[in-house]
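Thanks for making the time, everyone.

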Amino acid sequence: MSDAIHIERLHYRVGKAFEIKELDLHVPTGSIYGFLGPNGSGKTTTIRLILGLLRPLSGRITVLGDPMPEQHARILGRVGYVPEQPHLDATLTVRELIAFQAAFYPRWDRARAEELVARFELDGDQLFGRLSKGQKAKVMILLALAQCGDLLVLDEPTDGLDPVVRRDILSALITYVSERGATIFISSHLVHELERVCDWVAVMDDGRLITEAPMEKLKQGTKRLVVMGAPAEIVNPPFRVLTRERTNGGGAGENWVVGDWEPGMTSYFEGVGASVRDVIDLDLEDGFVELLRSFRKGGTRR
Amino acid sequence: MIAMFRAVLYSQWKWSRLIVVLGTVAAFAIPLLSLQGAARADRGALQTQDLLRAVQSWGTLYPLLATALGLLMAMAAWAADHRGRHIHALTLPLARWRYVLLRFGAGFVLLAAPIAAVLIGSSLAVLTATLPPGLQAYPIALAVRFAFAVFVAYAVFFAVSAGTARTAGIILGVIAAAVFVQVVASIANLDVNLFAAAQTVLLLGPGPLAVFTGRWMLVDV
Amino acid sequence: MSRLLGLVVAASLLASPLCGQDSLIVRLRSHADSLLGSWREAQKLADVADSLEQVRATAGSDTIAVGGLRIVVNPSPLPWRRAAELAWPVIDSLYGSAAEDLPQHPYIFRAVDPDSGVRRAVLHVGVEVPWDLDLRATSTVLLTTVTAPHVDPALAAWLGAALRPTLRPQDERAVVFVLLVTAPSEAVRRCFLGDIARCKDVLQVGDSTGLLARWYLTPAEREALVTEAFTHYFARGATAPSLQRCRQHHDDACTALLQSLPPGTLPRPLAQAAGILLVREALRLGGRDAYRRLVARPSAPIGERLASAAGMDIDSLVVRWRNDVRAARPKPLALPWWASFAAMGWTAFFGLCALRSSRWRL
């Protein structure tokens, strides 16, 4: 399967404060790719690099098969973008924004735009600057979808929105993907939201990619284990140890949070003279937190 | 590209319509006001000098109007982009220079209105005026000169507005350096006059501001 | 006997003042002779001083002769010869055959360094000029220094200025054109429109009686003249009430005030450039001896002298003058052709600067 976005050894720095180093990222074509990370982790910066708004120091970015930023004009004709903050002219009405945008995209779908105006219950004659936060988000999504691009890049599109608006937006996205087979790259720190829609997920923190995997694999593979009698050092485990702590109340038991877990791996512990008393499923949010904690303690991506 | 230009033109018109309308009204009115003394029947030989003085006084408004139009239109062309940090423009599927060219061209199209207003106003003023013998009217020359002044002003301010904060910093730095050098030279009693030299380069001969200088006379000998 | 004695006494008494008067006259005469002698001495000394000064001023100098022009100059970078070659045809065309008298009056120039602070000897004879002048400026120095071969006080008084050669007569015609169009005088305007009698009036080459009525035809002009040029003059004393009445548009008051001006103080409606141009026109039309004819009869009316110089009647001369002026309309204040290209060029330049607007601005 080819990648809609392919990043290799990307290096970017702004001043001494923040750096993205050795970033490798692959967004499969046709996937809904969730990009998770806490605030300030570099999600928006990575998105801007993907869209050619920032120039990397080194590395390679390929979007829809073309190099970025060299072919930015051609690529952006097939990419719909929804930024974190509204970026449209507040003095134009919704209809005027639609007309403006339509002039730049040869694949513009006028019928889809009208349909979305009705579906989102937008007033076409209302000035963009006078819309509510949710309505603005809907307009930006509308414009991105009506472009009929092969890639949608959404930077925290539902942040700060009420659940009804969030559901409307996500539903429109899913409809779009199912109709067109487009790729969606969506960044957020709202884990539960991504858990419902994404089939790939990557986690970023402090400019580094911690992990990148299919959603199910990440969810199913992240477990909390209650381990008894484990040795201090373990060698070449088949899973990834994210955190390891003594249980509350003392004793020889430990709480391990592991990634890439598969059934049958309990036999490893038997091999090292330990036993697994319990295997607890973690949801994506718990796994996300444990991943971050592990990374910040000095863990590395495998 | 035509559809893109129309879209850009429409958005720019929306931002700057008040400027264009007011500028057009002013451009239409100035020639008429400058010749109001001649609109009556000939008052005799005393009228000529009064008329020329009035025309010369009102004529000082043309370069001011041209500068104001150029500045305000350039600011209006970029204001929305500056507010949105240029993100919308930079994510459009066309090269940056094409986008800038669309904005530049849209401004020229909108500035045609006040230029036409100068031509129409001055032609109307001349038709309704009784000019003393020996005086001639130059409505076309005046309108052409006004057009050049507007275009130069617009281009200068447009280029400044299109620059990044770094560019603006460089320009301000150069000016600050010139001021510093001038101050140091004055303290050291050196015969250095950078501002006079700059004035000469800018205002005289084929300098960028040469079109603004001199007398702007709708009617002259 | 007594009668005789009385007569002798009376005669002697009468003779004594007469004898005193004789001695006074003798004293006065001898005083005058003494003064005359002193004056002659002084004159001789002055002549000696002048000649010494001349020798001092011309020491080490070269004499440049171009046509009838003689100029004595010290060594310097100034292009005297080329300037003289440029100036001489102009001088010759103005003075004609009278220019042949110029060699009798060599002109002394001393070129000095304008930037030097070194104290230099004062030049009492000749003209000091800075040595950084270009050819045109040097020619202009010559043209403004060379005086007419014959001094003509009446002509100078009529002209109100010196008649000098000019390198650009077309500019003078353009100036006079502007004067004819813009002068706040109905008489001048009628001259511009073709009334030759009015032209003669404003040029003062015709009937010189009743100038006020000839020059300022309308009440508005007379009022403007009083209120703009003579307000302070008439504001005091006996004329103050008349000034007030004049301001209230009473023409009789304005006229009375202007008529009360001393002779020769009524401002002319046309500036001196118009008269100078008329003289040039007459000299141009009259050929090489025109100037000699112009100065031949200093006491004759100016109109007659000009007609004699031009070799035609004054009306025809004035007609020619007016036609020349009308043909010399100055160029309109349009942009020169290069300014249009410069403006377009700068627009394109700044437009290109804008097109280089960077993409990298986040």
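Let me begin with what contact will stand for in this talk: two residues are in contact if their C-beta atoms, placed from the backbone, lie within 7 Å. Please keep in mind that this is a predicted model, in which local features need pLDDT of at least 70 and side-chain atom pairs count only at pLDDT 80 or more, while totals for chains, interfaces and linings use all residues. Residues are numbered from 1 along each chain as its sequence is written, and chains are lettered from A and ligands numbered from 1 in the order in which they are written.

With that in place, the contact between chain C and chain B takes 39 residues from chain C and 39 residues from chain B. On the chain C side, at least two residues each come from α5 (169–182), α6 (186–193), α9 (219–229) and α17 (337–355), where helices are DSSP runs of H or I of at least four residues, strands are runs of E of at least two, and both are numbered from the N terminus. Which helix gives the most to this side of chain C? That is α17(C), with 12 residues. By class, this side of chain C divides into 26 nonpolar, eight polar and five charged residues; here Ala, Val, Leu, Ile, Met, Phe, Trp, Tyr, Cys and Pro count as nonpolar, Asp, Glu, Lys and Arg as charged, and the others, Gly among them, as polar.

Chain A also touches chain B, and that contact takes 17 residues from chain A and 17 residues from chain B. Helices α2 (72–76) and α3 (94–102) of chain A each supply at least two residues of the chain A side, which divides into 13 nonpolar, three polar and one charged.

Turning to the inside of chain C, let me take a pair of helices. Helix α11 (residues 240–247) and helix α12 (residues 251–259) of chain C pack at an angle of about 135°, with their axes 7 Å apart; axes are lines fitted to C-alpha atoms, for helices over the stretch in contact, and angles run from 0 to 180 degrees between N-to-C directions. That angle makes α11(C) oblique to α12(C), given that angles under 35 degrees count as roughly parallel, over 145 as roughly antiparallel, 65 to 115 as roughly perpendicular and the rest as oblique. From α11(C), the contact is made by S242(C), L243(C), R245(C) and C246(C), and from α12(C) by A253(C), C254(C), A256(C) and L257(C). Those residues comprise six nonpolar, one polar and one charged.

Now the strands of chain C, where two strands pair if DSSP finds at least two bridges between them. Strand β3 (residues 107–112) of chain C pairs in the parallel sense with strand β2 (residues 69–73) over three bridges, and β3(C) also pairs in the parallel sense with strand β4 (residues 127–130) over four bridges. F109(C) of β3(C) is the bridge partner of V73(C), and F109(C) also stands opposite V127(C) in β4(C).

Finally, in chain A, four strands form an open antiparallel sheet in the order β2-β1-β4-β5, whose edge strands, β2 (18–28) and β5 (66–68), each pair on one side only. Strand β1 (residues 3–14) of chain A pairs with β2(A) over eight bridges in the antiparallel sense, and I5(A) has V27(A) as its bridge partner in β2(A).
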